Every structure is written in C-alpha cells, then in structure tokens.
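This report covers a model with its chain pairing and one residue site. The sequence and structure come first.

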Amino acid sequence: MKYARMLEGRHALVLGGASRIGRAVALLFAEHGAEVTAADEVSGETERIFNEMAGASPDIKLFTLDFTSECIKRIRDSALTEFPRADILVSAADLYKTGETHNFCLKDFRRMLDVNFIRAVRCFQALLPGMLENRRGELILIAPDLTDSALPGTAAAAACAGAMAAFARNVTMDYIRYHVRANTILYPFIPGREPLTGAPEPLDAANAALWYACDLSRFVIGESLSVNGGVSYFEEAPSS
Amino acid sequence: MNYDRLLEGKFAVVTSGAHGMGKYIAKVMIRHGAACAINGMNPEGEKTAEEFRKNAPASFFIQCDMSLSEDRRRFIQEVSKRVDHVDILVNTVGINRSDFSGEVDDERFEYTQQVNLHGAIWMTRGFLPLMKKTGGVVTHISTIHSVLGMPPNTAYASSKSAINAFSRALAVEYASYGIRSNVINPGGIFTGKTDEILAGIANSREELAAWGRRGDLGQPDYGSGSAYDIANTALFLSSDMARHITGAVINVDGGVVNQAHRFYERKLPPDHDEMFYQVIKNRFTPVEDL
C-alpha cells in the first residue's frame, strides 16, 4: 500500500467544501493523490475560501452550487460526464442551530436537515450508479458528536446527526457487495470539553475521513467514529 | 505528517507479537519506522524478532506466558530495563476457553480471564510509567463478541467486554498525560495459518471459493477479513492521524455488528461469484509480504 498517496486514482466530491472541515478534507485528499471536487453554496464567503484553496492546491476543482432540486438533478444528470469516476463522497456541511425544542423553529430544523443530510443523500443517489458500475464507493458523513450523548438545546442537531449515522449504517448494507460502503465521523459540537489536552482541529476530522476513504479501513463498514478527544466517554468526577 | 513513516522513532510493545495477528501488527508498525518488543509462549518467537531486527534493530522477543503473573512481571521489567520510553502498547493476546453459561468450568473461565483481561490490565499498568513521560497510545484487540452474543462464549466475551470498559476508563483517567486508549473489535479474521491454507489451494479456483464461503455466512461484506486490516487499524489509532481519538471502539468486522440480523435480502451484483473469488484471492496478504 502506498501510505503517502493513499488515494491515488480516486475521485472525491466534498460537499460543504468551504466549511472548516470540508477545506481540510479537500486539501488532504488532494495531497494523497485524489482528484478532488469541492462544492458549496454560492456566497461571498465561499468565494473567498475557494480562492484561498485554489492558491493552496490548484488542482482542486471548485464548484458553487445552489443545491436546489434543479441543481441536484443536474448533478445526477451530469454525474457520468462531470464526475465520471467519483468514488468518494464526503459531506462536511456544517450548519447547526441550538435551541430548546419548544422554541425551535421547524423551518430551521428542516433547513438543518436539508443542508447537512438530505443534500448528501441526494448527491449520493446521483453518484451511486457510477459507484455501482465501477464497484467502488465510499460515503463519509461528518456529523456532530450528538448521536450517543446529549446536551441541552441540541435535540434538533442531534436528530440530524442521528439520521446521518443511521443512514450510513444502513445504506452500507444495501451496497457492500458492490464495494460501496458508508461511515460517519463525529466531531465535537462544542469543542473545548475534551479530556485530551487541546480541541480537535479540522485536520483531525480530515485524517479520519482519509482513513475511511482508503483501503486501510476496507473492512470497516457502517461505523461511527468520534474524533472528539474522548468527551463522549467522560463523566467529570464529583468535587469533594 | 509523514504518512509513509507514521511511527518514526516510536517504540511499541505488541503482546503475542511473534505470530498471527500480533505479528501483522508489529510488522506494519516496523514498516512505519517503529521498533517492537514482542512476546509469546513459544521460544521460536526469537526468529520473528530476528526478522524484525533487519528493519528495526532495537526490536526483541521475550518468552512469556501471559496467563502467569510472574511471567507478565518479568516481561515488563525486562522491557523497562532495555528501553527508556514506550510510545505504543498493543494488547493483542487472546484465547477462548468458553462454555455455556450454565456449565462454566472454573478453571477454563479463570484461565481466559487471566490471559485476556489480567494480561491487558497488567501490561497497561506496567508500561504506563514509561508512557507518562511523553504520552502514548494503548490499543486493545478485543472482539465483536464483546458487544454481540454467540454461544458458547461466556468466558471470552466477558473478558473482552471488560477490556472495552477498562479502555474507556483508561482513556479518561490518563488523557491529561497525553495517553490515548482505544479498542479494536475484530470480526471474522483469518490470521496465522491462513497463509498455509491459501498456499495449498491458491491455484484451484473452486477450492479457494469454497474456502472463502466458509467465512461468508451472515457477513454483510465478502467473507472474512485479514489480519492486515486489523494491523492497519492499529496503525491508524497509534499514529497522529488519530491524535484526538480516545475511548473509541472500532468494529473491523465487515459490518457484522452493525447489521440488524443476518437474514436480509442483499443486493448482489450480477458478477457476484467473480467478485467473491477476486476478494478471497486478493484480500489475504501473507505476513511475509508486508
């Protein structure tokens, strides 16, 4: 195995490519030899970040999308021409809101689900025929670490994260015999509470994504991996 | 980060590293720049150490029966005399002497606990002083039976499940020293004798496919995994790629733990038989080829 070029010959589409983690994933995947396309919503901020990324790694293709139904349809229709061999899809979108459930706006919840989860599902559906044809595919969903532990005010974000982890766990059962698998990375929703010194950085999530994307983890299927310094397992000792 | 030499300059202790899964783990770590102390019951383990020293001169073997507290103590003392830092500990050793719950034999139960659980805890406790100097990583090789039931597995499952809990406790207790602790739950994994089996049937497509199908029952993925998969997961967890991962349990099992039950309709490709054959043919990298 070429450990220094773990994604040689691979083609990755990174959704939320202008998010902190999305950027790190795109740059790391490119460093490891993948042909990378980073996509994010049209905005001034996206444009600024994409300009920076173009300077750091000129080979990364950058797409601004509006993610409307029409746009997703275009991705689906053009999958065979624009992403002919896209065999890695990473969702690194990062739009979450907190709030107590009785006050939480349903519109915000729907948008959260749409940006972080539904778009990834629809893009995965668009790329799936190619993955099945090529007998290779990795779906990597990056979600907040709220699937197994709770915090006040996070019910909606946690529901979103739980949906992503469950989707990855289940969808992999459909297609694993085509060598198409899915896994989830859980990243700190509120950094700074970790037992390990220092909060995780986007590169830490990117390294986990790299591990999921390459053959190092080829027998790891439908898993959720917390990159959060152990905070999920930590209960503070009562003060004496 | 140098991904081609993820463990450059590190010193690793791999229990039961003289053969089987432990040998795969040690070899991958040496490939990435580490030196290894390994142990095993059979004195022939020295030959493995000799092989390791070609690429990692500081590697060595110490004969050790992990069921005996005096042997475990001697191993820790000898390693601690020979090196001044231990960066990585992989608790690989494991045996299975299980009975049905209602028929548990005291001696077999105790022996399994001594090797699997006490072995892992003693090794960890023994090497923590060396790890506390600069931080370190402990990886426990547990089993999917720590979270799934498969009769009869009383002694084995309970010993390994206890290791999972121990790992979590260790992770939070020693996080402030920069020490991480994680668990790998292997599923169906072919190890030691696989090479010999495959060497005998490698040229027969039918025999190879038939052999592979024995490990395919109830698996979401094709057949069984390779010890190489476990080694690569241990490498990931031991390296800075996972520097913020601690307290985790990773199932390296082809999806067994995550499937609701084994009787479901799978979508099979039209060339499933050919794919199956190719997987079985190519998945099992002989340890000599690492």
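A salt bridge here is a side-chain nitrogen of Lys or Arg within 4 Å of a carboxyl oxygen of Asp or Glu. By that rule, 4 salt bridges cross the interface of chain A and chain B.

## Basis and confidence

This is a predicted model, in which local features need pLDDT of at least 70 and side-chain atom pairs count only at pLDDT 80 or more, while totals for chains, interfaces and linings use all residues. Residues are numbered from 1 along each chain as its sequence is written, chains are lettered from A and ligands numbered from 1 in the order in which they are written, and side-chain values use heavy atoms, with hydrogens and water left out.

The mean pLDDT (the predictor's confidence in each residue, from 0 to 100) of chain A is 90, and 94% of its residues reach 70 or more. Helices (H or I, at least four residues) and strands (E, at least two) are DSSP runs, numbered from the N terminus. Among the elements of chain A, the lowest mean pLDDT, 66, belongs to helix 3 (residues 69-82), and the highest, 98, to helix 6 (residues 202-213).

## The interface of chains A and B

Contact (heavy atoms within 4.5 Å) links 44 residues of chain A with 58 residues of chain B. The two chains bury about 4300 Å² between them, 58% of it on carbon and sulfur atoms; buried area is the accessible area (1.4 Å probe) that two parts lose on being put together, summed over both. A:Tyr3, A:Arg177 and A:Phe219 supply 24% of the area that chain A buries against chain B, more than any other three residues.

One salt bridge joins the side chains of B:Arg243 and A:Asp204, at 2.5 Å from N to O. On the side of chain A that touches chain B, helix 1 (20-31), helix 5 (155-175), helix 6 and strand 7 (224-226) of chain A each supply at least two residues. Helix 6 of chain A gives the most, with 5 residues.

## The site of B:Ser146

B:Ser146 sits in the loop between strand 5 (136-141) and helix 5 (154-173) of chain B. B:Ser146 counts as buried because its relative accessibility is 11%, and buried means under 20% relative accessible area (1.4 Å probe, protein chains only).

Leaving aside neighbours within four places in sequence, B:Ser146 is in contact with B:Ala157, B:Lys160, B:Ser161, B:Asn164 and B:Asn185.

How values were computed:
Buried < 20%, exposed > 50% of the residue type's maximum accessible area, 1.4 Å probe, protein only.
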